Structures are given as C-alpha cells and as structure tokens.
Amino acid sequence: MTERTLKDKTAIVGIATTDLARDGGRTEYSLACEAVTRAVEDAGLEMADIDGIVKDISDGIDPMYLQKAVGIDNAQYCSDSHWGTSALMTGATAIAAGICNAVVYYRCLNGGSGRRAGNDFRAAREMQDEGLDLLRYDFYSPFGLLTPDGLAAMTARRYLHVHGIDADQVGWIPVVASEYAAKNPDAVFFDEAIGLDDYTRSALRVDPLRDLDCAPGVDGGLAIVLTRADRAKSLRQKAAVVMGVAQGTSTEGELLSNYSRPDIAALPEVRLMGEELFRVAGIDRGDINVAQLDDRYAPYVAMQLEELGFCERGSGVAFCEKGERIRVDGDLPLNTGGGFLGGGFTYGLNVIEAVRQIRGTSSSQVEDAEISLVVSGAGGPADGLILRRD
Amino acid sequence: MTTPGEPEAPTVPHPALWAVLYRSSTPFWEAVARHELSLQRCSGCKTWLMPPRPMCPRCQSAESEWVPVSGRGKIHSWVTYPESPHPAFEAPYSVILVELDEGVRLVSNPSGIAPEELEMDMPVEVVFEDVSDDFALYKFKRAG
C-alpha cells in the first residue's frame, strides 16, 4: 500500500477573491495581483514568505509577470496543472517534499465580459487559434457543435435517457444553488432564490440544457495560500488542513466531449479520483460534512454524486430532489456558496467556499463543519480535495 | 467571385474548413470529399481510432490503415441549438452523435429529420453534402 505522504502535511491558510462581476472592466493581470496580495495578507504572511507559485494551465497570467508586479522575488517552485484543486495538489506535493514552504495559487479571468468559450462562439474560435482542443474543432465544429454548452448537452441527454430521468427534476440543483447564492454577498447571480417553476419555464440553451443549467461566465480573480501544516498553527486564520488530495483521468478523455469512451453517461475519472481521495484521507463518504462539486453544468453534479459514491448510479438527480438532502441542514449540504451556477464559472471559487466552511465564515454555514470536500473538473480531468479543521 | 443574384459570400469561414488544420484527420476528410466514409484503424490490434491519432492506445503501434465503413448506425444522443452561435448554421438545428455498426461514434447533423423527430437508437445511414469543389460533409438520414 502506498504511503499516504500528503495527508495532513499542508494547510490552506489564506484565501481571497477580488470583486466578481459580469463585466469588471479590469485586466486579468490586475485581478491576479490583487487576489494574490490579499490572500497573502489574509494568511498573515509577507510576500517574502511565498516561495512557490501554482496555477491552472488555462490561466493566462504567467507567474513571471505576476512575480514582477507583486514582488515575489525568490520563488523556488512554479508549476502549471489541470484545473482547480489539481494545482493545489501540485503545491502540496512540493511543500511535502520540502521544496518550498508556502505556495500561492491564483486563478483570474475575464469570463463574463471577455475571453471564455462558454456560449460565445468568438471565444471558442480564439481558443482554437491558440492551439487548444484541435480535435474538438476538427470533428465537432463542422456540424455546429461549437460551444462547451453543446458538448455537455450531448452527454446530458444520454445520461438522462439511460437512467430514465425526468429532465425537469435536474432543476432542483440550480434551485438550491440559487438559494445559497441569494445569501452569499459574493455571488454575482441570483439576487433572489428561484423555484422549480422558474427552472422549467426558463429558456433552453442547447436542448436538453437550459440557461439555468449552465454556469455563467464571470470576471474576477481569486488566490489561495497553502503552507506546511505545522506552520499553519501560528498564523492568523483557522487552518484548513489538507487531509487528502487526488486527481484522475480516464480512457478517451476530452474536455466535455468524451464521446469515444464506452459509456458517455459516466465520469470514470471522477470515480477513479474519488476512490483515491477517500483512501488517502482515510475517511468514508458519511464523514463529509459539506461538499462543493463542479456545477458548471447542473446534470454533472448528479453524475459526480454517483461517481463519488454518495448514491447509486443513475440516482444523483433523485438524491437532489426537493433539495432536502443538499440544503444546509441536509445530509450533504452541497455548493453552499451558490456554486459556479450562482457565483460564475471559475475554478478555485468552490475551494474558497470549502475553506470558509472550515473557518466557520460561510454565508450558509454548516453547523460544526469539520470535514469539507471539494471537487472540480467534471467532464475533463478530475481533481478533488478534502479539508479538515485543525 | 460573386455573380449577380447570388447571396454575398459569408465573411466568416465555414467551420468545416477548419478541419483541414489537423493533420491526423486529413485522410478522413479527403475520403469524405470523395463521398466515402473511411476510418482509421490500428494495423496491429485492429482497434478503431476515432478521433484519429498518431498511435494506438491499446498496443502502441504507430501503424494504421484507413478502412471504409458501412455508414449505417443508430442515434446515440443529440442536442438542438435553439439559437445559432454561428452564421453558417440556421437555428433551430440539431447535432447528433451516431454510433456506427462498427461501434465507432461520429458527431454529425441529421439530414431530412426535424429536431422534434429525433429519437434515441433511430437507425440512420450516411449521406454526403458538398460544401465546395474539394470539401464535403457527412450527414445521416433515416435508414431506408
């Protein structure tokens, strides 16, 4: 059996978000600088303490230029990773290996106003010009399958069909997200909670996905500081100790368009990642007090619940029915800050909420939350993190 | 060149023309231009390789062949765009995922099947539509 070398070795000690907005009117560079500076300050550290930098591969700001602006002069570890918590895994690995002491992760994008391939064809084309995802554009674009929303809709229809799920019932996921978002002052979308009727009456984005199934883009930045767990005790904030962290990829993986794998109504990489995540953390599903899953597309939340072992395959939508299990007093409070559906699609945002739950500072605080799960990358490479109170 | 009475050429290139950018798939599109559906298959272990790629993930052979396929299959899933994200496509339009009899899946468009008529596992067969002198698209109609 592999030694659990990353368990309890590191802790998240600093978090920050810039203002999040539909159209923020700022450069991603300036967002990155503000987020990193404020996360370091939140941790009670000096910039000179930061000796590692990690980011998502798709983030546009090069660490060199970030360092020049914020004054990280002597970093000894820099790395790109997949999306969301996989970059934190890279940072935790470097710290546990003794390569560095304190790592900052940042994610900054103008996803509401500018460059992001949501339902925006021009952004999709721009990504193609950058050499990303050539296969997708080669075999999908000629037929008008031009947007990530469309790619996800293809999987969603098959998923609903295979399990005989009523598409309207998926609406409980955005309904509960809207309830959480309405309480979270940082969440840009949903000033008021919606009901299931609002969902079933809402416009189809790409049939069978509705507008309310798809997380909107947002402008903003966020940063997270990770350091050695033993050092975290003396810092300003209540530490969120990394109990477990894992990644997963699987057969015939693509970004959302995993159409060549045997079962397109499944997320095998989430299953692989989840099994490893619970194994390395040494806990069971029932030990999780609060969870943040990747809700870029609502049906994928149900699929993640199944693949992570919270319910049987095909029953993820039923698990969320009426919202009872996933509200703050339910068995598994889910996406308690409003998720990407309420806050806008940017990886790392759900990590911030997972940390707030450990600190006791969430706008929908789960009473006595001790163990907090966060997952990102549904429909592509999967990654996840389990945090605990110190 | 535009002749009188013809609509003006669209200023945004048709997405079909992007396909030629990716080298592994060039033989595929050359065959489609001849109105043939031909897929890449590993010469060693005979695994179908779709989308095309430089190596077989099952046996790591770099040798492959292009093999004509039946063009018959079933609808495995589909989506419908109620609004078009691109001027080349007039909404509403559907995109289908077809599982060929050989077990390989292809993204395509329905031909002569309205969005509301699409059904899971509907039998379909390939048809070809010329986009230009040297470029065609494959679509799927109800199997006869």
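In which sense do strand β2 and β4(A) pair, and over how many bridges? In this predicted model, β2 (residues 52–56) of chain A and β4(A) are parallel and share four bridges.

**Figure 1. Pairing of strand β4 of chain A with β2 and β7.** The parallel pairing with β2(A) involves four bridges. Within β4(A), Tyr105(A) stands opposite Val54(A). Strand β7 (residues 219–228) of chain A runs antiparallel to β4(A), and nine bridges join the two. Gly221(A) in β7(A) is the bridge partner of Cys108(A).

**Figure 2. Burial of strand β4 of chain A.** β4(A) spans residues 102–110, and nine of its nine residues are buried, so the strand is largely enclosed by the rest of the structure. In a regular strand, side chains alternate between the two faces of the sheet. One side of β4(A) carries Ala102(A), Val104(A), Tyr106(A), Cys108(A) and Asn110(A), and the other carries Val103(A), Tyr105(A), Arg107(A) and Leu109(A). Both faces are covered, and the residues listed for each side are all buried.

**Figure 3. The open sheet of chain A.** Nine strands with mixed pairing make up the sheet, in the order β3-β2-β4-β7-β1-β8-β11-β10-β9. β3 (77–81) and β9 (290–292) of chain A are at the edges with a single partner strand each, so one side of each has no neighbour in the sheet. From one strand to the next, the twist averages 25°. Elsewhere in the sheet, β8 (residues 240–248) and β11 (residues 382–389) of chain A run antiparallel and are joined by eight bridges. Ala246(A) has Gly384(A) in β11(A) as its bridge partner. Helix α1 (residues 28–43) of chain A packs on the sheet, where it touches β1 (10–17), β4 and β7 of chain A. The direction of α1(A) makes about 35° with that of β7(A).

**Figure 4. The largest nonpolar core and Val36(A).** This core has 149 residues, of which Val36(A), Ala39(A), Val104(A) and Leu387(A) touch the most other members. With eight residues, α1(A) gives the most to the core. Apart from neighbours within four places in sequence, Val36(A) is in contact with Leu66(A), Val70(A), Val104(A), Tyr106(A) and Ala223(A).

**Figure 5. Chain B.** One helix and seven strands are found in chain B, and along the sequence they follow the pattern α-β-β-β-β-β-β-β. Chain B has 144 residues, and 31% of them count as buried. Of the contacts in chain B between residues at least 6 apart in sequence, 47% join residues at least 24 apart.

Methods:
Residues numbered from 1 in each chain as written. Chains lettered and ligands numbered in written order. Predicted model: local features only at pLDDT ≥ 70, side-chain atom pairs only at ≥ 80, totals over all residues. Buried ≥ 20, exposed ≤ 12 C-beta atoms within 10 Å, placed from the backbone. Pairing = 2+ DSSP bridges. Axes fitted to C-alpha atoms, helices over the stretch in contact; angles between N-to-C directions. Contact = placed C-beta atoms within 7 Å. Core = buried A, V, L, I, M, F, W, Y, C linked by C-beta atoms within 7 Å.
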